[in-house]
Amino acid sequence: MGRDTIAELITSIRNAEMDRKRVVRITSTNITETIGKILFREGFIENIRKFREENKSFLVLTLRYRRNRSPRNFLKRISRPGLRIYAKAERIPRILGGMGIVILSTSRGIMTDREARLEGIGGEILCYIWKSF
């Protein structure tokens, strides 16, 4: 049975935030690297680094914390190995009226909902991400 690396990434970030940890270390795959880069580009994490240790690659994500506030990124896994969820370009959901993002796996790679709508392509909905205010 394979591992669900996307669910592991989401759970690691969620657990680190609840424990007020600043750094999360996860195994590196092409999918987790791409999702990490999207999270960095969209401002949900502060930094992402890749390093190698004993023939294994890891990603180190630095979480973004605001002073005197608990940072609350909400991450929700949608499509999973047992139940795949797909959406056409017109049917991609908007999270909080565009304040959150949907990460999709499309025929042109992993991208956000905005990028998919601009290109007019749909795909598998991997996860929803939004911040609390």
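Student: OK, so what covers the buried residues of H1?
Tutor: The cover includes E1, H2, E3, E4 and E8. Keep in mind that this is a predicted model.

Student: Which residues of H1 are buried?
Tutor: Thr5, Ile6, Leu9, Ile10, Ile13, Ala16 and Glu17 are buried in H1. Looking down the axis of H1, you find its buried residues within an arc of 145°, so they line one face of the helix.

Student: Why would that spacing put residues on one side?
Tutor: An α-helix has 3.6 residues a turn, so residues three or four places apart point the same way.

Student: How far apart are the end C-alpha atoms of H1?
Tutor: They are 20 Å apart, and that agrees with the 20 Å that its 14 residues should span at 1.5 Å a residue. Just after H1, arginine 20 has a positive phi of about 60°.

Student: How many bridges do E2 and E3 share?
Tutor: Eight, with E2 and strand E3 (residues 56-63) pairing in the antiparallel sense. Glutamate 53 stands opposite lysine 56 in E3.

Student: Which strands pair with E8?
Tutor: One of them is strand E4 (residues 73-77), antiparallel to E8 over five bridges. There, phenylalanine 74 has tryptophan 130 of E8 as its bridge partner. Strand E5 (residues 86-87) also pairs with E8 in the antiparallel sense, over two bridges, and alanine 87 is partnered with glycine 123. Then there's strand E6 (residues 101-106), which runs antiparallel to E8 and is joined to it by five bridges. In that pairing, leucine 104 has isoleucine 125 as its bridge partner.

Student: Now charges. How many salt bridges does the structure hold?
Tutor: It holds 11. One of them joins arginine 77 and aspartate 4, whose closest N and O atoms are 2.8 Å apart. Arginine 77 lies in strand E4 and aspartate 4 in the segment before helix H1 (5-18), so the pair ties together parts 73 residues apart in sequence.

Student: Is that arginine 77 buried or exposed?
Tutor: Arginine 77 counts as buried, at 18% relative accessibility.

Student: Which side chain does arginine 41 meet in a salt bridge?
Tutor: Glutamate 115, at 3.0 Å from N to O. That pair links distant parts of the chain, with arginine 41 in helix H2 (residues 30-41) and glutamate 115 in helix H3 (residues 113-119), 74 residues apart. Glutamate 115 is partly exposed, with a relative accessible area of 27%.

Student: And lysine 21, what's its partner?
Tutor: Aspartate 19, with the closest N and O atoms 4.0 Å apart. Lysine 21 counts as partly exposed at 45% relative accessibility.

Definitions and conventions. Residues are numbered from 1 along each chain as its sequence is written. This is a predicted model: local features need pLDDT of at least 70, side-chain atom pairs count only at pLDDT 80 or more; totals for chains, interfaces and linings use all residues. Side-chain values use heavy atoms; hydrogens and water are left out. Two strands pair if DSSP finds at least two bridges between them. Helices (H or I, at least four residues) and strands (E, at least two) are DSSP runs, numbered from the N terminus. Buried means under 20% relative accessible area, exposed over 50%, partly exposed in between (1.4 Å probe, protein chains only). The expected span of a helix is 1.5 Å times one less than its number of residues. The arc is that of the directions from the helix axis to the C-beta atoms. Contact means heavy atoms within 4.5 Å.
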